[in-house]
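The following questions and answers walk through one protein model. Keep the sequence and the 3D view open while reading.

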Amino acid sequence: MDLAFTPEEQAFREEVRAWVTSHLPADIAHKVHNALELTREDHQRWAKILGAKGWLGFGWPKEFGGPGWTAIQKHLFEEECALAGAPRVIPFGPVMVAPVIMAFGNAEQQQRFLPGIASGEVWWSQGYSEPGSGSDLASVKTRAERQGNKYIVNGQKTWTTLGQYGEWIFCLVRTSNEGKPQTGISFLLIDMKSPGVTVRPIIMLDGGHEVNEVFFDNVEVPVENLIGEENKGWTYAKHLLSHERTNIADINRSKRELERLKRIAKREGVWEDSRFRDEIAKLEVDVVALEMLVLRVLSAEKSGKNSLDIAGLLKIRGSEIQQRYSELMMLAAGPFALPLIREAMEAGWQGDFPGGEVGNAPLSSTYFNLRKTTIYGGSNEVQRNIVAQVVLG
């Protein structure tokens with residue numbers, strides 16, 4: 001295992017760093033570094049900047065219009081973007097559904113859907129979870145019945161992240177009740193402007209609108225929007241989930257937030273507390289250990305070996321680290337982490353009170369929001385079972 005970057009990889013890092021520094025809008029970077037809320041326009045502006053460079057699909061092979069980077073180059077790109085304060089690439093299009101379309105879609109589907117994803121023009125949503133189907137994803141009940149050259153879709157999806165912005169949604173739908181639950185699932189692409197699609201907001205504890213319910217009432221979907229074969233969607237779903245769980249580990253954001261934690265601790269006067277610094281040190285050890293695990297996977301890929309099947313392990317440790325740094329930020333800021341007046345924040349006002357600092361106001365919101373990380377993408381309890389079976393034997 002070689003964890004040292006080559007001179008060529010270091011030069012690539014410098015190239016990416018210089019480009020991101022010169023192209024990332026300063027107002028967006030300010031929001032990211034201070035955990036301020038990003039608008040749809042903020043996300044789209046950065047996505048289109050990356051798309052114009054050909055880097056929004058940073059993990060894509062050249063044959064589909066991507067840069068054809070190695071696994072290590074992709075890692076370095078994500079790291080430099082995160083440290084610079086770039087918004088995380090909304091993964092549903094370029095990171096999740098695009099690889100499925102590349103691997104299992106036909107040529108017509110690839111030509112139809114991939115350009116809009118690569119340019120950042122089309123916003124995709126994910127239709128996996130349902131009220132009764134979360135970690136047990138194979139129990140989905142949203143039904144798609146074929147009638148001639150179209151499917152009629154009825155059912156409900158939930159926890160659809162940023163679905164209020166969605167233009168297309170990829171869904172797991174049930175097309176058969178015969179055999180095991182996994183054998184009757186299909187992978188369908190649905191235009192969210194179709195009659196019968198309703199998006200209902202789920203307002204969170206802090207008043208934010210991040211997740212949604214999506215209802216399908218006799219929605220007509222052309223048969224040509226089916227990816228691969230009917231009833232083979234579970235295979236495609238597993239392919240996508242391997243990308244999602246690795247993405248959820250988000251080591252690069254954790255490295256950036258670790259530095260932010262240190263800044264908050266120094267600003268709030270708790271840096272001199274040796275016990276608090278001990279907690280930061282323990283977190284930093286965990287971050288470095290997770291990074292080494294990621295680099296171990298990348299090293300295996302670089303040498304042509306089969307990478308370790310540890311997507312679940314990356315998800316477990318990554319999600320726990322995200323929760324821990326949010327806890328320590330709350331502890332560092334104390335009572336100044338609590339005030340949150342959403343209307344004031346949206347108007348650009350926050351921290352203008354005795355003892356307040358820009359970036360403190362959203363800390364409680366971030367803390368509560370990140371409680372979800374050990375649940376979504378397959379709960380950590382389920383992931384531990386998978387790791388025990390697949391990795392430990």
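Q: In which handedness does α1 pass α4?
A: This is a predicted model. The axes of α1 and α4 are 9 Å apart, and the two helices pack at an angle of about 35°. The crossing in which α1 passes α4 is right-handed.

Q: How many nonpolar, polar and charged residues has the contact of α1 with α4?
A: From α1, the residues that meet α4 are Glu9, Phe12, Arg13, Val16, Arg17 and Val20. From α4, the partners are Ile72, Gln73, Leu76, Phe77, Glu79, Glu80, Cys81 and Ala84. Sorted by class, the contact of α1 with α4 has eight nonpolar, one polar and five charged residues.

Q: Is Glu80 buried or exposed?
A: Glu80 lies in helix α4. The relative accessibility of Glu80 is 5%, and buried means under 20%, so Glu80 counts as buried.

Q: What does the UniProt annotation covering residues 6–121 say?
A: The span of residues 6–121 is 68% helix and 0% strand. Its end C-alpha atoms lie 35 Å apart. In the UniProt record, an unreviewed entry, residues 6–121 carry the annotation "domain: Acyl-CoA dehydrogenase/oxidase N-terminal".

Q: Which residues does Leu283 touch, not counting residues up to four places away in sequence?
A: Leu283 is among the residues of the largest nonpolar core that touch the most other members. Residues up to four places away in sequence are left out of the list. The residues that Leu283 touches are then Leu258, Leu261, Ile321, Arg324, Tyr325 and Leu328.

Q: What is the angle at which helix α10 and helix α13 pack?
A: Helix α10 covers residues 311–333 and helix α13 covers residues 380–392. Their crossing is left-handed, and their axes are 8 Å apart. The packing angle of α10 and α13 is about 145°.

Q: How do the residues of the contact of α10 with α13 divide into nonpolar, polar and charged?
A: α10 brings Gly312, Leu313, Lys315, Ile316, Ser319 and Glu320 to the contact. These meet Asn380, Gln383, Arg384 and Val387 in α13. The residues of this contact divide into three nonpolar, four polar and three charged.

Q: What separation do the C-alpha atoms of Asn380 and Ser319 have?
A: Asn380 lies in helix α13 and is buried, with a relative accessible area of 2%. Beyond its neighbours within four places in sequence, Asn380 has contacts including Lys315, Ser319 and Thr373. Asn380 and Ser319 are 61 residues apart along the chain, yet their C-alpha atoms are separated by 8.6 Å.

Q: How far apart are the end C-alpha atoms of residues 127–219?
A: The UniProt record, an unreviewed entry, annotates residues 127–219 as "domain: Acyl-CoA oxidase/dehydrogenase middle". The chain over residues 127–219 is 0% helix and 49% strand. The end C-alpha atoms of this stretch are 14 Å apart.

Q: How far apart in space are Gly184 and Ala138, C-alpha to C-alpha?
A: Gly184 is in the loop between β4 (168–174) and β5 (185–191). At 0% relative accessibility, Gly184 counts as buried, and its contacts beyond four places in sequence include Val173 and Asn231. Gly184 and Ala138 are 46 residues apart in sequence; in space, C-alpha to C-alpha, the distance is 9.0 Å.

Q: What is the phi of Trp159?
A: Most residues other than glycine have a negative phi. Trp159 lies in the loop between β3 (150–157) and β4 and counts as exposed, at 54% relative accessibility. Trp159 is not a glycine, but its phi is positive, about 55°.

Q: Which strand holds Asn218?
A: Asn218 has a positive phi, near 50°, and is a residue other than glycine. Asn218 is partly exposed, with a relative accessible area of 47%. The strand in which Asn218 lies covers residues 209–222 and is β7.

Conventions
Residues numbered from 1 in each chain as written. Predicted model: local features only at pLDDT ≥ 70, side-chain atom pairs only at ≥ 80, totals over all residues. Heavy atoms only, no water. UniProt positions renumbered as here; feature names shortened; annotations may be inferred. Helix = DSSP H or I, 4+ residues; strand = E, 2+ residues; numbered from the N terminus. Axes fitted to C-alpha atoms, helices over the stretch in contact; angles between N-to-C directions. Left-handed = near helix turned anticlockwise from the far one by under 90°. Contact = heavy atoms within 4.5 Å. Nonpolar A, V, L, I, M, F, W, Y, C, P; charged D, E, K, R; others polar. Core = buried A, V, L, I, M, F, W, Y, C linked by side-chain atoms within 4.5 Å. Buried < 20%, exposed > 50% of the residue type's maximum accessible area, 1.4 Å probe, protein only.
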